[in-house]
Structures are given as structure tokens and as C-alpha cells.
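This briefing concerns one predicted protein model and sets out its local and overall features by topic. Please read it alongside the sequence and structure shown below.

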Amino acid sequence: MAGVRILLFACLLVPGIALGSEALWSLLKGGGQVILIRHTLTTPGAGDPPGMRLDECHTQRNLSEEGRAHARRIGAEFRKRRIPVERVLSSPWCRCLETARLAFGKAEVSQPLSNLFGRPENRQKQTNQLKALIAQWPGKGNLVLVSHGSTILALTGVSPGTGEMVIVSRDGRVAGRLASE
């Protein structure tokens with residue numbers, strides 16, 4: 001089973017990135033962090049088909065079988081390392097909800113995590129809402145936020161790969177990136 005590795009080149013992209021995956025896993029094991037995860041691999045394409053509806057998964061671009069397996073591996077790695085997950089929030093897009101549920105067995109819909117791809121008019125409002133959510137996270141465990149690359153990029157300046165995790169401290173600083181293989 002493929003594990004999770006740190007993206008060592010991340011230190012060149014974001015100042016203050018922690019080097020070494022064990023340091024990041026230790027940080028997560030201590031709780032109180034926010035973990036932004038880009039949904040795992042989908043069927044080919046960018047964005048969603050014309051006529052896409054949030055309440056009808058079959059109208060959206062959804063996870064591939066490889067993406068489903070990847071989401072399960074992420075969850076297995078968290079369980080193996082005993083990373084405390086207190087709450088899981090997800091974009092209302094089906095690919096995000098499925099990623100969250102396969103990895104963590106649960107997900108609550110959170111509108112601020114919605115896809116910003118092709119929706120630049122929502123950027124400021126959503127990033128402000130997400131910054132407030134992160135700053136107010138009181139949990140002893142970690143908060144997992146499953147979203148889209150465009151949304152995570154707008155919030156953090158990091159453009160994650162599918163299934164990649166961007167760890168953010170409550171003060172909003174990016175602590176590091178973890179990507180599963």
C-alpha cells in the first residue's frame with residue numbers, strides 16, 4: 001500500500017514550510033491543526049459538464065476508481081498514525097464529499113469550500129469565510145476541509161495536486177504539504 005510523503009520542494013514555494021514528513025505527522029498527531037485536502041483523482045477534464053447540478057452527482061465530474069482507492073489510502077494512513085480528526089467539512093461537490101466519506105467516514109457540507117474554478121466573483125467572500133473558520137477552530141483534534149484546488153490556492157497560495165494535503169495552523173500559516181502516492 002502506498003503511503004504518504006512530504007513534498008520537499010514545497011519549501012521553495014511557501015516560506016515557513018516544515019521539512020520532513022515526520023515533523024508534519026507529529027504536528028497533526030498533536031491536534032489543533034486544519035488540514036485542507038484537494039479531492040482525489042476524478043474522471044478526465046477540468047471543471048464540470050454544462051448543466052451540472054450540485055444535487056445530482058451524475059451531472060458532475062466525479063471520482064475515478066483510482067481516486068476512490070486514493071481516498072481510502074489517505075484515511076488508512078490517518079488511522080495507522082492515530083491522527084485525531086475531530087470534524088470533517090466538505091465542499092458540496094460530490095467528488096469532495098465522496099473523498100471525505102471514503103477517507104474519514106463522514107462529512108458535513110460547508111459552502112465556503114465550494115469550487116472557485118470559473119467563479120471568481122465568489123473568491124473574496126469564500127476566502128474570508130474560510131479564514132474566519134480556521135481562526136476560530138477550537139478543536140483539540142484536527143479539522144479536515146475537503147475542497148478543490150482552486151479554492152485551496154485562493155486561500156493559501158498553494159496549488160495542491162489531487163489528494164494533496166495543505167496543513168494550516170489556526171493563525172493561517174501554511175505549516176506544510178503532504179501528498180499521497
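Asn122 lies in the loop that links strand 4 (108-109) to helix 5 (123-135); helices (H or I, at least four residues) and strands (E, at least two) are DSSP runs numbered from the N terminus. The model is predicted, so local features need pLDDT of at least 70 and side-chain atom pairs count only at pLDDT 80 or more, whereas totals for chains, interfaces and linings use all residues. Residues are numbered from 1 along each chain as its sequence is written, and side-chain values use heavy atoms, with hydrogens and water left out.

**Asn122**

- Asn122 has a relative accessibility of 28% and therefore counts as partly exposed; buried means under 20% relative accessible area, exposed over 50%, and partly exposed in between (1.4 Å probe, protein chains only).

**Overall architecture**

- The protein chain contains 6 helices and 7 strands.
- Their order along the sequence is β-α-α-β-α-β-α-β-α-β-α-β-β.
- The protein chain has 181 residues, of which 52% count as buried.
- Contact means heavy atoms within 4.5 Å; of the contacts between residues at least 6 apart in sequence, 66% join residues at least 24 apart.

**Packing of helix 3 against helix 4**

- Helix 3 (residues 65-80) packs with helix 4 (residues 94-104) at an angle of about 40°, and their axes are 7 Å apart. Axes are lines fitted to C-alpha atoms, for helices over the stretch in contact, and angles run from 0 to 180 degrees between N-to-C directions.
- This angle makes helix 3 oblique to helix 4, because angles under 35 degrees count as roughly parallel, over 145 as roughly antiparallel, 65 to 115 as roughly perpendicular and the rest as oblique.
- Helix 3 contributes Arg68, Ala71, Arg72, Ile74, Gly75, Phe78 and Arg79 to the contact, and helix 4 contributes Glu98, Thr99, Leu102, Ala103 and Phe104.
- By type, the residues of this contact comprise 6 nonpolar, 2 polar and 4 charged. Ala, Val, Leu, Ile, Met, Phe, Trp, Tyr, Cys and Pro count as nonpolar, Asp, Glu, Lys and Arg as charged, and the others, Gly among them, as polar.

**Nonpolar cores**

- The largest nonpolar core has 21 residues, and Ile35, Phe78, Phe104 and Met165 have the most contacts inside it. Such a core is a set of buried Ala, Val, Leu, Ile, Met, Phe, Trp, Tyr and Cys residues joined through side-chain atoms within 4.5 Å.
- Among the elements that each supply at least two residues of this core are helix 2 (21-29), strand 2 (34-38) and strand 7 (174-180).
- Helix 4 provides the largest share of this core, 5 residues.
- A second, separate core has 15 residues, including Leu130, Trp137, Val158 and Val174.

**Cys94**

- Cys94 is located in helix 4 and is buried, with a relative accessible area of 8%.
- Cys94 and Cys57 are 37 residues apart in sequence, and their C-alpha atoms are 5.7 Å apart in space.
- Residues up to four places away in sequence aside, Cys94 touches Leu54, Cys57, Gln60 and Asn62.

**Pro84**

- Pro84 occupies the loop between helix 3 and strand 3 (85-90) and is partly exposed, with a relative accessible area of 28%.
- The C-alpha atoms of Pro84 and Gly31 are separated by 6.2 Å, although these residues are 53 residues apart along the chain.
- Beyond its neighbours within four places in sequence, Pro84 is in contact with Leu28, Lys29, Gly31, Gly141 and Asn142.
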